[in-house]
Amino acid sequence: MLRHPDIDPVALQLGPLSIHWYGLMYLAGFAAAWFLAKRRSHQPWSPLNEAQVEDLIFYGAVGVILGGRFGYVMFYNFPQFLQDPLWLFRVWEGGMAFHGGLLGVIIAVALYARKIKVPVVSLWDFIAPLAPIGLGLGRIGNFIGQELWGRPTDGSWGMLFPRDPSQLPRHPSQLYQFALEGVLLFVILFFFTRKQRPPLAAGALFLLCYGSFRFVVEFVREPDRHIGFDALGWLTRGQELSLPMIIIGGFLLALAYKRSAANGKAGK
């Protein structure tokens, strides 16, 4: 059995200002995405030049924060929002959701694509390999903050979280998500996008892989206490939100290659 190192979630205290590790992980994720995007902007098929990368990262950051908060409120705590609508704006009380952040980024990137007059699909493909960096670092932030832990297990890898009232050994599901949604997803998309692919293929592959990884990890991740299982006695809210990603991602990936093959035949 393992024991959580019980790291202080506050990385730095500056008078009344508390800087949390989770926030630093967000910053590190945006910085790493900016660095990689700068390098990727020199690919012959890049829809952006290097000077446009900073604006793209800014739009993406706004989309992540606004969408993540909106998604958490609407997908996971809608009854509280109905009782207290202003809670939506009290972001300092915590609460972010990946699926909401994804929608926020999709909208933000679409707006930026319209501004610079490039195909929105090209920008979605461009950011696909950038996103897993922030996702992985975010899960490290969850692990440090002892939140979103896994279900109880009697395996030797079970971990005791000091802030867990039940004090049961649990799956360190944050680390599973770091490995799958962060490391593995980044490796897949990084190497996939080293060559020019059909339009929409990279974005579709992101949806398919993330949705699949998240769906699997949810089997060992503790459901939200105020929600529990949504359907069939085992389906979680995270799995319900990931299923459309798997279906849409698979459909769009097949469509991208089908169109590419059709265009290739038409050009002969």
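I count two residues as in contact when heavy atoms lie within 4.5 Å. The model I have open is a predicted one.

**Entry 1: Y72**

I started with Y72, which sits in helix α2, residues 53-76. Which residues does Y72 touch, once its neighbours within four places in sequence are set aside? I found N77, W87, G94, G95, M96 and A97. I also checked F98: 26 residues separate Y72 and F98 along the chain, and their C-alpha atoms are 8.1 Å apart.

**Entry 2: α7 and α8**

Next I looked at helix α7 (residues 173-192) and helix α8 (residues 201-217), whose axes come within 10 Å and cross at roughly 160°. Angles over 145 degrees count as roughly antiparallel, and α7 and α8 are therefore roughly antiparallel to each other. I noted the crossing of the pair as right-handed.

Then I listed who meets whom. From α7 I have S173, Y176, Q177, L180, E181, L184, L185, I188, L189 and F192. Facing them in α8 are A201, A202, L205, F206, C209, Y210, F213, R214 and V217. Sorted by class, this contact holds 15 nonpolar, 2 polar and 2 charged residues.

Last, I turned to the second largest pocket, with a volume of about 280 Å³. It is lined by 16 residues, and the closest to its centre are W45, S122, D125, F126 and R197.

Key: Residues are numbered from 1 along each chain as its sequence is written. This is a predicted model: local features need pLDDT of at least 70, side-chain atom pairs count only at pLDDT 80 or more; totals for chains, interfaces and linings use all residues. Side-chain values use heavy atoms; hydrogens and water are left out. Helices (H or I, at least four residues) and strands (E, at least two) are DSSP runs, numbered from the N terminus. Axes are lines fitted to C-alpha atoms, for helices over the stretch in contact, and angles run from 0 to 180 degrees between N-to-C directions. Angles under 35 degrees count as roughly parallel, over 145 as roughly antiparallel, 65 to 115 as roughly perpendicular and the rest as oblique. A crossing is left-handed if the near helix is turned anticlockwise from the far one by less than a right angle, and right-handed if clockwise. Ala, Val, Leu, Ile, Met, Phe, Trp, Tyr, Cys and Pro count as nonpolar, Asp, Glu, Lys and Arg as charged, and the others, Gly among them, as polar. On a 1 Å grid over the protein atoms alone, a cavity is a set of points where a 1.4 Å probe fits but cannot get out, and a pocket is an open set with protein on both sides within 12 Å along at least five of seven lines; lining residues have an atom within 4 Å of a point. Grid points are joined across faces, edges and corners, and a volume is the space filled by probe spheres set on the points.
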